Amino acid sequence: MRYFLGLDPDGKTKLAMQAWREKALPNFERPVPVANFHVTSVFLGQVDEKQLDLLCSMIDDLDQPGFSLCFDHLGYWSKPKILYLGCREVPMEATQLANKLIHIAKKAHLQIQERHYIPHVTLVRKCPEHAPAPLIPPHFECQFEALHLFESVSGKHGVHYPIRHSWPFQWFRKPSKLS
C-alpha cells in the first residue's frame, strides 16, 4: 500500500481554491479534483503492515503545535509538470514537522527521499508549461488542526487519497485573565 503523511485543508478552503483556479487561471486538461487537494509533509511510498504499525506508534508520541499556512504563490515544477499553490513564507513549525516525520519514517525502516520542504497544494498535473500570471492573486489562509495518514488508492476514476489515521495537533493557548 502507498501512503503519505500530510495536512488536509478544510472543505471551505478547498472549494475557495477551486473557485479561484476556475476564475484566475485558464482551463487545464488535468486539473486535480478538489477532493484531492492536500499538503504532503512526507511521501512514504510502499509501506508494509509492520512498518505502518511502527510508524503510527512513533507518531502517537509526537508533540506538535498546530500552525497556519498562507498559500499566496502560484508555482510550477517543469520536470513533473505540476502547477501548484505554494507559500512565500513557510512557518518554522511546518518545516520542523516535516523534519520530525522524516526522522520517524527512517526509524520505521522506510526509504525516504529527503528534499527541501515546500508545502504546496497541487492544482494541475501534466501541465505542459507554467500558466500565465493569475488574474487574481492567490491568498488562502489555512489553519491545520491535525496530521493525517493518507493512502494513495488508484481506481477506475483515477487516484484518490482517503485518510486512514489522524493525530490532532496541540494548540497552545494563552491563559485567560481571571477577573
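So, Pro137: this residue is exposed, with a relative accessible area of 63%. By exposed I mean over 50% relative accessible area, while buried is under 20% and partly exposed is in between, using a 1.4 Å probe and protein chains only. Pro137 sits in the loop between strand 6 and strand 7. Its C-alpha atom is separated by 12 Å from that of Gly75, and those two residues are 62 apart along the chain. When I say helix or strand, I'm using DSSP runs numbered from the N terminus: H or I with at least four residues for helices, E with at least two for strands.

Before I go on, a quick word on what we're looking at. This is a predicted model, where local features need pLDDT of at least 70, side-chain atom pairs count only at pLDDT 80 or more, and totals for chains, interfaces and linings use all residues. Residues are numbered from 1 along each chain as its sequence is written, and side-chain values use heavy atoms, with hydrogens and water left out.

How confident is the predictor? pLDDT is its confidence in each residue, from 0 to 100. The protein averages a pLDDT of 92, and 95% of the residues score at least 70. Contact here means heavy atoms within 4.5 Å. Where pLDDT is low, the predicted coordinates should not be read in detail.

Okay, helix 1. It runs over residues 11-24, so that's 14 residues, and it reaches 20 Å from its first C-alpha to its last, close to the 20 Å expected at 1.5 Å a residue. The expected span is 1.5 Å times one less than the number of residues. Which residues of helix 1 are buried? They are Thr13, Lys14, Met17, Trp20, Arg21 and Ala24. Seen down the axis, the buried residues of helix 1 fall within an arc of 125 degrees, so they line one face of the helix. That arc is taken from the directions from the helix axis to the C-beta atoms. Over on the other side of helix 1, Lys12, Leu15, Glu22 and Lys23 are exposed. And the buried residues pack against several strands, among them strand 3 (67-71) and strand 7 (140-144).

At the N-terminal end of helix 1 there's a cap, Asp10: one of its side-chain oxygens lies 3.1 Å from the backbone nitrogen of Lys12. That's a polar contact, meaning a pair of N or O atoms within 3.5 Å; within protein, one must be able to donate a hydrogen and the other to accept it, and residues adjacent in sequence count only if both atoms are side-chain atoms.

Now helix 2, residues 49-60. Its 12 residues should span 16 Å at 1.5 Å a residue, and its end C-alpha atoms are 16 Å apart, which agrees. Buried in helix 2 are Gln51, Leu52, Leu55, Cys56, Met58 and Ile59. These cover an arc of only 165 degrees around the axis, which puts them on the same side of helix 2. On the other side, Glu49, Lys50 and Asp53 are exposed. What covers the buried residues of helix 2 includes strand 1 (2-7), strand 2 (39-46) and helix 3. Helix 2 has an N-terminal cap from Asp48, with a side-chain oxygen 3.1 Å from the backbone nitrogen of Lys50.

Let's go inside. The largest nonpolar core has 50 residues, and those with the most contacts inside it are Leu5, Leu44, Leu55, Leu69, Phe71 and Phe144. A nonpolar core is a set of buried Ala, Val, Leu, Ile, Met, Phe, Trp, Tyr and Cys residues joined through side-chain atoms within 4.5 Å. Helix 3 (residues 92-107) gives the most to this core, with seven residues. Take Leu44: not counting residues up to four places away in sequence, Leu44 touches Tyr3, Phe4, Leu5, Leu55, Ala105, Leu110, Ile112 and Leu149.

You'll find His38 in the loop between helix 1 and strand 2, and at 12% relative accessibility it counts as buried. What does the His38 side chain reach at 2.8 Å? The backbone oxygen of Asn36. The His38 side chain also makes a polar contact with the side chain of Thr40 (3.1 Å).

Last stop, backbone angles. Most residues other than glycine have a negative phi. Lys81, though, has a positive phi, near 60 degrees, and lies in the loop between strand 4 and strand 5. His109 has a positive phi as well, near 70 degrees, and His109 counts as exposed at 59% relative accessibility.

How values were computed:
pLDDT = per-residue confidence, 0-100.
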